[in-house]
Amino acid sequence: MLFALLRSALCGEALTDKERELYNAKILPKLVLLAKKHDVSHLLLLGLKNNGLLDENSKKLENEMFKA
């Protein structure tokens with residue numbers, strides 16, 4: 001899922017239907033931790049945002065994008 005979202009952020013392409021089915025908000029904390037570990041959290045969040053996967057409670061996560 002991380003690679004699909006990074007590809008989406010870098011290439012500007014939307015996630016496929018199959019990739020969207022794999023996404024679950026419960027995995028978001030693990031995705032964020034992994035992305036931070038590799039210094040790509042800003043790209044992860046851009047991929048999430050571009051695919052409409054961030055909800056109204058994601059302002060804290062969006063701030064991560066501006067820290068990068």
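Buried means under 20% relative accessible area, exposed over 50%, and partly exposed in between, with a 1.4 Å probe and protein chains only. Keep that scale at hand for each stop below.

**Before you start**

This is a predicted model, in which local features need pLDDT of at least 70 and side-chain atom pairs count only at pLDDT 80 or more, while totals for chains, interfaces and linings use all residues. Residues are numbered from 1 along each chain as its sequence is written, and side-chain values use heavy atoms, with hydrogens and water left out.

**Whole chain**

Colour the chain by pLDDT, the predictor's confidence in each residue, from 0 to 100. The mean for the protein chain is 88, and 90% of its residues reach 70 or more. Among the elements, α1 has the highest mean pLDDT (96) and helix α5 (residues 59-67) the lowest (71). Where pLDDT is low, the predicted coordinates should not be read in detail.

Switch to cartoon. The chain has five helices and zero strands, in the order α-α-α-α-α from the N terminus on. Helices (H or I, at least four residues) and strands (E, at least two) are DSSP runs, numbered from the N terminus. Of the 68 residues, 41% count as buried. Contact means heavy atoms within 4.5 Å; among contacts between residues at least 6 apart in sequence, 52% join residues at least 24 apart.

**Helix α1 and its partners**

Select L2, A4, L5, L6, S8 and A9, which are buried residues of α1. The buried residues of this helix pack against α2, α3 and α4. Just after α1, G12 takes a positive phi of about 75 degrees.

Now show α1 (residues 2-11) together with α4 (residues 41-50): their axes come within 7 Å and cross at roughly 80 degrees. That makes α1 roughly perpendicular to α4. Axes are lines fitted to C-alpha atoms, for helices over the stretch in contact, and angles run from 0 to 180 degrees between N-to-C directions. Angles under 35 degrees count as roughly parallel, over 145 as roughly antiparallel, 65 to 115 as roughly perpendicular and the rest as oblique.

For the residues of this contact, select L2, L5, L6, S8, A9 and L10 on the α1 side and L43, L44, L46, G47 and L48 on the α4 side. By class they are nine nonpolar, two polar and no charged. Here Ala, Val, Leu, Ile, Met, Phe, Trp, Tyr, Cys and Pro count as nonpolar, Asp, Glu, Lys and Arg as charged, and the others, Gly among them, as polar.

**S8**

Zoom in on S8, in helix α1. S8 is buried, with a relative accessible area of 1%. What does S8 touch, leaving aside its neighbours within four places in sequence? The contacts are with E13, A14, L15, G47 and N51.

Display the side chain of S8: it makes a polar contact with the side chain of N51 (2.8 Å), and reaches the backbone oxygen of E13 at 2.6 Å. A polar contact is a pair of N or O atoms within 3.5 Å; within protein, one must be able to donate a hydrogen and the other to accept it, and residues adjacent in sequence count only if both atoms are side-chain atoms.

**E19**

Move to E19, in helix α2 (residues 17-22). Is E19 buried or exposed? E19 counts as buried, at 17% relative accessibility. Not counting residues up to four places away in sequence, E19 touches M1, A4 and R7. With R7 there is a polar contact, side chain to side chain, at 2.6 Å.

**Helix α3 against α4**

Select helix α3 (residues 28-37) and α4, whose axes come within 7 Å and cross at roughly 140 degrees. L28, L31, V32, A35 and K36 of α3 make the contact with S41, L44 and L48 of α4. By class, this contact has six nonpolar, one polar and one charged residues.

**Two loop residues**

In the loop between α3 and α4, pick D39. D39 has a positive phi of about 55 degrees although it is not a glycine. At 63% relative accessibility, D39 counts as exposed.

Finish at D55, in the loop between α4 and α5. D55 is partly exposed, with a relative accessible area of 46%. The C-alpha atoms of D55 and A25 are separated by 9.6 Å, and the two residues are 30 residues apart along the chain.
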